[in-house]
Amino acid sequence: MPQINLNSELAQKIADRTMEILDYNINIRDHKGKIIASGEKDRIGDISEMAAKGIEKNKVLKVTPAEAEGKKGMEPGVQVPISFNNNIIGAVDIT
């Protein structure tokens with residue numbers, strides 16, 4: 001089955017709407033761990049090796065301030081994989 005990719009325009013709409021509900025910053029990452037949508041526009045394009053590994057392994061990541069310190073592209077929060085047709089296509093970060 002071909003890889004399904006998240007569209008950054010749709011991802012930004014999802015991030016914006018989710019932030020209205022949760023009142024936290026939301027990042028949406030593609031299947032490689034790169035942020036493609038965010039409430040913090042300057043973070044778009046950031047990539048994290050830790051996030052990419054969580055996506056690859058289909059694991060929820062909980063990142064503490066100590067774990068995020070000094071790691072490029074990571075902030076404290078939680079990352080939840082996004083699954084479509086039994087394929088992991090990215091993740092939602094709540095920071």
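Which residues does Gln-12 touch, not counting residues up to four places away in sequence?

## Gln-12 and its surroundings

In this predicted model, Gln-12 touches Ala-37, Ser-38, Lys-41 and Ile-44, with residues up to four places away in sequence not counted. Gln-12 is part of helix α1. Its relative accessibility is 14%, so Gln-12 counts as buried, the cut-off for that term being under 20%.

## The nonpolar cores

The largest nonpolar core has 7 residues: Ala-11, Ala-15, Met-19, Ile-26, Ile-28, Ile-36 and Ala-37. Two or more of these residues come from each of the elements α1 (8-22), β1 (26-30) and β2 (35-38). Helix α1 gives the most, with 3 residues.

## The chain as a whole

The chain contains 3 helices and 5 strands. Read from the N terminus, these elements follow the order α-β-β-α-β-α-β-β. Of contacts between residues at least 6 apart in sequence, 42% join residues at least 24 apart.

For 95 residues, a compact globule would have a radius of gyration near 12 Å, and the chain agrees with this at 12 Å. The C-alpha trace spans about 40 × 30 × 20 Å along its principal axes.

## Surface and charge

Of the 95 residues, 34% count as buried. The accessible surface of the chain is about 5,900 Å², and carbon and sulfur atoms account for 54% of that surface. The chain carries 13 positive and 14 negative charges, whose mean positions are 6 Å apart.

Conventions:
Residues numbered from 1 in each chain as written. Predicted model: local features only at pLDDT ≥ 70, side-chain atom pairs only at ≥ 80, totals over all residues. Heavy atoms only, no water. Core = buried A, V, L, I, M, F, W, Y, C linked by side-chain atoms within 4.5 Å. Buried < 20%, exposed > 50% of the residue type's maximum accessible area, 1.4 Å probe, protein only. Helix = DSSP H or I, 4+ residues; strand = E, 2+ residues; numbered from the N terminus. Contact = heavy atoms within 4.5 Å. Rg over C-alpha atoms; globule rule 2.2 N^0.38 Å. Areas by Shrake-Rupley, 256 points an atom, 1.4 Å probe, with all protein chains shown as cover. Lys, Arg positive; Asp, Glu negative; His and termini not counted. Charge placed at Lys NZ, Arg CZ, Asp CG, Glu CD.
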